[in-house]
Amino acid sequence: MTALLTLQSISKAFFGVYAVRDVTLNVPAGRILGLIGQNGAGKSTLMNLIGGVLAPDAGSMTFDGKPYVPRTPSDAVSAGIAFIHQELNLFTNLSIAENIFLGAFPQRRGFPFVGIDRAAMRRQSEALLEAVDLKVKPESPVEQLAPGERQLVEIAKALQLDARLIIFDEPTTSLTTRETRKLFEIMQRLRERGTTLIYISHILNDVLSLADEIAVMRDGELIAHAPRVEFDASRMISLMVGYSLDQLFPPRTSTPTQTPLLTLKGISQPGIVKDIGLTVNAGEVVGLFGLMGSGRTELARIIFGLDSFASGEIVIGGEVLRHTSVRESIRNRIAFVTENRREEGLLMTSAIAENIGLVSLPRYALPGVQVVDQPRLERAVGQAANQLQIKSGNIERQAAKALSGGNQQKVVIAKWLLSEPSLFIMDEPTRGIDVGAKYEIYSIINTLAAEGNGVLFISSEIEELMGMCDRIVVMSQGEIYGEFTRADFDKEAILRTAFREQATQKAGDHAADPA
Amino acid sequence: MTSVPQRLSSAPRSTASTPPLPRRLWNALRGLLLSEYFILYLSIAYFLLISLFFPTLLEPSNLSNQLTNIWPLLTIAIGQTFVLIIAGIDLSQGSVMAICSVVGGVILSTSLSKSVMSNSPLWGTLLTEKGGILSGDPNAVLVAVLLMVAVGALIGFINGTAITRFNMPPFMVTLVSLLFFSAFAIYLTQSRNIANLPDSFLRLGQGDIVSVYLGEKATPQIKRTELLSLVTYSAVIAVALGVVAHFILSRTVFGRQMYAIGTNRRAAEISGVPTRRVITLVYMFSGACAGLAAVIYSARLGAGRPTLGDNLLLDIIGATVIGGTSLFGGKGKVLWTLFGVVFFTLLLNTLNQMRLSAFQIDAVKGSVILLAALIDVTRNRFLTGGRVA
């Protein structure tokens, strides 16, 4: 079988850590290749390499038999490669036709700048919309379209560019079942026309029903690539999870109590989370696992009072909170280590001490006009910095951004320590930090638990949750979909729950589609 | 110098340990640019250089005059500094001054001419031929000053509320305030100055507490015009405000929270900083400073003037930004603003001495502010390690 795109020993490392390692892959012409892997397996990096967003450290590519060395995304476009992203790249204020032809407006001869040939644009747009089976006028603005229809406009745009390879990155996350089915029909129609497709998805049954061949990535490597018939869902999961990497976790020295610190009862917010029930006890580390978009960060924001909820109860220390706000949460001794250090966690350009002191400034103020008790604050800040062993220069002068990722994360934790919380919500506390620093963060979490605090540990790395938590709660599509106690931790079972593997009803829905 | 390639290591030691001259100059320049006293050095250097050509600049009467020019601008620029620190901007300060000046006139005026003021909608109710509301009242000055500051704070409250509650961009909100309140001030007075303010009020803008006489003591009587102001009432007002403002910024929880909001509002919010309250209070403070500046300016002019702050916006923002307060928020000090105001006052003084026309002066002012903005961007680029923020 001929390959349209060939990758030969492609590697890409960030700061010495391989994101993609020695990947050799033939993308068969005129077929749909399904690409699967866990978050962080290297799929996106691989696609960015193909799309010219990143340059490989080693290896080579050929496209249509010729060497292919994209330096910018527009090189990929002119070679005939188009991307349909999870977040759509349309200009919602412009019309469908304008979006389709953006960058290549049909020109009237003799009028190089002013002569956009609206009639030709309209005619061609109609033909393209016909091809993706979208029955709307090309003049209508994109903002009037539903997410599924927007996806189809993206595809029409790809067709306009004469794309020979279209890469779909999680295209169905924001689509309804009906829209999804329609998208799959269009994808099959594209294949019949001879277009090659790469389809990246977390929904394994969709991949099974749609793809001709399936490739599996794990830890940056391509570990399997074969025709669809050789796969079933459980084999796909085993391949994705693997059994290679065993990380080291500091041993837990304490056992959880039965005293609830936080209890959620039926928390719902339409479109975000549904009927969430959850308890975190004193001294307990509860893991919250879910795929991207499962609603775990949204839930954390609701608990912390950043976002509102429509119904349900939040009980903290036996008291029902009617109205939540960040300051009330802090008074109720909750700390929130956000997923995003740079944007939400730190004042990057301010001094480390300034960052650590921020939350607790009112606690270290003299009564009256709230003058900061500088010596007392400095002592407390210094103590927290020492306790967490933040490696830095002078904390009064060095800016937070000058620190490594791990030390930045410690600054965020130190900032919360000063407010003496009893419940820590930690959203991806080890994201983007190296293995050594991860171990330190794990140790800090263990210490916090041993001191009788509760920790809600949100992560998309199953291994770290299994290594660290007393219980793991699995979220999927805004709901709590399963719970595992330490005795029954099982990677495959947890991942299956997150993928809703058992939910054969919905999965069968797609599988029953006539191929 | 770890970046020196291996093959150069045999070169003489001196070149390896001390960087080449251009590099050192560059580092020195960089250090100067990043220094917080940069603008003070610049002011002094500029003034000394220009006075070589215009020796009259150094005469005591001119220096004394410049000193009195600094205070009202400083008063209002301190308010702008607060707003810029929280990454906002207050374009409405000029119109706040206008309204406050009218308010002062309406309270204080001791007598008014019917032929001048009778078109005003306030004529017959608040304004009569006997003057304003508290004409002649012993407490009039105190009431007027408090009310002027309060009106300024009230307009600031409106700005702040619109910005925090409805998430409207500060630029838009304060621009609309600027238009609305300057128009309103002109409407109230039909563009007339409210004249005849009492001497006890004028003192706040014109009066000296300490003055010096540098001539020979030939006669026991010294003419008023030969006295040089040293410490004036407006100086006391501005310095007191400056001290309070400095204290708020450097010592209080509120000040720390302001810097945090200016640096990263989202992070501040998640850290429990009451961002809306702080932002609203800062705009109120900015309005109050404008009200206080209106006291000084009105007392200097001897009238409640509805067009008072009309051409001042550029001076206020220019002086603040030149001092080093960042337009991107999170950075600024009262002391820096003092330096900026000094620089701006000297600049205007020298331009006036050169007998340039008002239009030429405006053009120069504009260029200087552009330069200040460029310096701000350049500083930020150095601080962020080469990347443009």
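Author: Two residues are in contact if their C-beta atoms, placed from the backbone, lie within 7 Å. This is a predicted model. With that cut-off, among contacts in chain B between residues at least 6 apart in sequence, 78% join residues at least 24 apart.

How many of the residues of H5(A) are buried? The count is 12 of the 14, so H5(A) is largely enclosed by the rest of the structure. The buried residues are Glu149(A), Arg150(A), Gln151(A), Leu152(A), Val153(A), Glu154(A), Ile155(A), Ala156(A), Lys157(A), Ala158(A), Leu159(A) and Gln160(A).

Two packed helices are described by the angle between their axes and the distance between the axes. For H5(A) and H6(A) the angle is about 15 degrees and the axes are 9 Å apart. Angles under 35 degrees count as roughly parallel, and that makes H5(A) roughly parallel to H6(A). The crossing of the two is right-handed. On the H5(A) side, Gly148(A), Gln151(A), Leu152(A) and Ile155(A) take part, and they meet Glu179(A), Lys182(A), Leu183(A) and Ile186(A) of H6(A). An α-helix has 3.6 residues a turn, so residues three or four places apart point the same way.

A helix pair in chain B can be set beside this one. H5(B), residues 93-108, packs on H13(B), residues 275-301, at an angle of about 55 degrees and with the axes 8 Å apart. H5(B) and H13(B) are therefore oblique to each other. Their crossing is right-handed. The H5(B) residues in the contact are Gln93(B), Val96(B), Met97(B), Cys100(B), Ser101(B) and Gly104(B). Those of H13(B) include Ser286(B), Gly287(B), Ala290(B), Gly291(B) and Tyr297(B).

As for chain B as a whole, it has 16 helices and two strands. Its C-alpha atoms fill a box of roughly 90 × 65 × 40 Å along the principal axes. Of its 389 residues, 43% count as buried. One loop residue of this chain is Leu134(B), placed between helix H6 (114-117) and helix H7 (140-165) of chain B. Is Leu134(B) buried or exposed? Leu134(B) has 20 other C-beta atoms within 10 Å, so it is buried. Apart from neighbours within four places in sequence, Leu134(B) is in contact with Ile107(B), Leu108(B), Ala140(B) and Val143(B). Ser109(B) is 25 residues away from Leu134(B) in sequence, and the two C-alpha atoms are 7.9 Å apart.

Back in chain A, the strands remain. Strands of a sheet pair through backbone hydrogen bonds, either parallel or antiparallel. Strand E1(A), residues 3-14, pairs with E2(A), residues 17-28, in the antiparallel sense over eight bridges, and Leu5(A) stands opposite Val27(A) in E2(A). E1(A) is also joined to E4(A), residues 58-63, by five bridges, again antiparallel; there Gln8(A) has Ser60(A) as its bridge partner.

Elsewhere in chain A, an open sheet of six strands has the order E16-E17-E18-E13-E19-E20, with mixed pairing. E16 (334-337) and E20 (479-485) of chain A stand at the edges with a single partner strand each, so one side of each is left without a neighbour in the sheet. The twist averages 20 degrees from one strand to the next. Within the sheet, E17(A) (residues 423-427) and E18(A) (residues 454-459) run parallel and are joined by five bridges, with Leu423(A) partnered by Gly454(A). Helix H9(A), residues 296-303, packs on the sheet and touches E13, E16, E17, E18 and E19 of chain A, its direction making about 150 degrees with that of E17(A). Helix H17(A), residues 491-498, lies across E13, E19 and E20 of chain A and runs at about 30 degrees to E19(A).

Note on methods. Residues are numbered from 1 along each chain as its sequence is written. Chains are lettered from A and ligands numbered from 1 in the order in which they are written. This is a predicted model: local features need pLDDT of at least 70, side-chain atom pairs count only at pLDDT 80 or more; totals for chains, interfaces and linings use all residues. Helices (H or I, at least four residues) and strands (E, at least two) are DSSP runs, numbered from the N terminus. Two strands pair if DSSP finds at least two bridges between them. Axes are lines fitted to C-alpha atoms, for helices over the stretch in contact, and angles run from 0 to 180 degrees between N-to-C directions. Angles under 35 degrees count as roughly parallel, over 145 as roughly antiparallel, 65 to 115 as roughly perpendicular and the rest as oblique. A crossing is left-handed if the near helix is turned anticlockwise from the far one by less than a right angle, and right-handed if clockwise.
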